[in-house]
Amino acid sequence: MFNPFPVEPAHEVCRTLLSQVQNGEVRIELTGKPSGRSEQGVMLGVLVCKDKNGNTVVLKTNSGISKKLVLSHGVNDDSIYVPPVVEPSLIEEALSKNDAKIHELTNQIESEKKNQNTQTALRLQKEREALTTESLLKVFDLYSFCCADGIKKPLMSICKKLPPTGTGECCAPKLLHYAFTHNLHPVSMCEVFCGTNDSHGRVHGAVYDPCDERCALLLPAMLGIEILYRDKDIIVVNKAGGLLSVPGRGPDKQDCVVTRVKRLFPDCIEQPAVHRLDMETSGLMVLAFTKDAHRELNRQFENGEVEKTYEALLDGVLAKKGIAPEGTMELYFRLDVDNRPHQIWDEQYGKKAVTEWHVRGVERFASKDGTARHVTRIQFVPHTGRTHQLRLASADSHGFGIPIIGDSLYGTVHEGERLYLHATTLSFTHPVTQERMHFFSACPF
């Protein structure tokens with residue numbers, strides 16, 4: 001995943017830390033029993049922060065719980081060495097109940113395989129898997145992470161399903177958990193590999209982003225947003241469905257993409273948004289950190305130089321209505337002043353909305369109540385940026401006359417449904433470098 005914060009000056013600290021390890025000023029010590037992985041290298045992580053008074057605070061840590069960084073006697077270092085999120089002794093205690101039985105089953109499985117008793121081996125493997133899952137759940141129940149908003153969230157409420165072993169003990173979540181717990185504001189983050197023996201092919205001293213396997217499960221929840229790209233001028237995020245793009249009216253509508261971006265990057269401009277997605281829509285958004293970047297991106301949106309595509313599930317089959325599998329429509333809508341924020345058809349006073357569509361197929365959609373129905377998966381390419389443009393193109397009688405599933409304004413929402421509309425691609429010219437940039441977000445449904 002993309003490193004959410006600038007690498008420098010944390011990289012400078014990482015280089016110094018590597019030198020300290022090499023000359024013995026900092027030692028990497030085992031915290032438990034030696035194992036086959038004891039000789040493996042570790043990731044070293046640094047998070048440079050500011051406290052509430054503007055003072056710089058440097059956090060250091062290493063990946064995993066089997067090793068720790070120890071400052072040698074007599075060496076001065078004002079940095080804070082961040083410990084594991086959960087004490088290793090508590091993890092050992094959580095694993096101890098099933099540990100002996102799991103080892104016993106492993107030996108039995110190998111014996112049955114040698115004797116070619118395949119069915120017995122499979123049965124024992126399922127038994128071992130159940131015990132392993134039970135042990136992992138006990139371990140993961142120990143983990144909670146402090147997020148950027150100050151709220152502590154249990155690991156299993158973030159991941160929803162069983163995450164990989166070791167989730168939560170990579171450098172990035174450890175550092176950010178400590179920072180947010182102690183009201184420190186992250187400024188720069190960097191991770192480097194330390195060691196010569198690595199099963200993943202990592203190189204000593206090289207810089208690596210937080211891992212996709214574990215960190216990508218945690219960091220979006222901890223930060224409040226999923227960051228796909230960031231530099232000094234812009235940021236591209238993957239907005240979650242149900243989150244406002246910009247603040248609304250009233251204190252209950254202040255939590256939004258803009259608020260969360262400004263919380264992480266307080267030096268950005270007051271109004272960084274250059275476009276928005278409906279609250280119920282998920283997917284790609286670009287925001288500007290500077291006034292110049294904001295002005296240039298606004299110009300690109302106004303001149304139609306920004307390319308976007310969306311994916312949606314329509315609550316029915318377009319072909320049954322004689323609608324072509326692809327085409328372009330022009331519709332005219334304006335605000336219904338008596339029923340805000342609804343838009344209504346008005347060929348005389350409405351604003352023109354141009355939408356291109358491509359049917360991707362018909363599929364079965366299972367509802368929470370167990371019923372199933374046929375729906376149409378469709379790609380939308382909006383050539384204008386009107387309010388509720390794609391929702392109206394789908395639901396209004398002048399368009400398809402078939403709403404998007406979960407549309408609370410122009411359709412029906414059944415229990416457990418969201419608006420099945422996702423911004424999948426976004427392409428624009430970088431406002432400073434003039435490089436054409438392309439982003440993709442896989443459809444979550």
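Two strands pair if DSSP finds at least two bridges between them, and strands (E, at least two residues) and helices (H or I, at least four) are DSSP runs numbered from the N terminus. The model shown here is predicted, so local features need pLDDT of at least 70 and side-chain atom pairs count only at pLDDT 80 or more, while totals for chains, interfaces and linings use all residues. Residues are numbered from 1 along each chain as its sequence is written, and side-chain values use heavy atoms, without hydrogens or water.

**View A. Strand 11 and its partners.** Strand 10 pairs with strand 11 in the antiparallel sense over 6 bridges, and here Ile-234 stands opposite Ala-288. With strand 17 (residues 421–429), strand 11 pairs in the parallel sense over 2 bridges; look for Ser-282 opposite His-422.

**View B. One face of helix 7.** Val-257, Val-258, Arg-260, Val-261 and Leu-264 are the buried residues of helix 7 (residues 257–264), where buried means under 20% relative accessible area with a 1.4 Å probe, protein chains only. Seen down the helix axis, they fall within an arc of 165° (taken from the directions from the axis to the C-beta atoms), so they line one face of the helix.

How values were computed:
Buried < 20%, exposed > 50% of the residue type's maximum accessible area, 1.4 Å probe, protein only.
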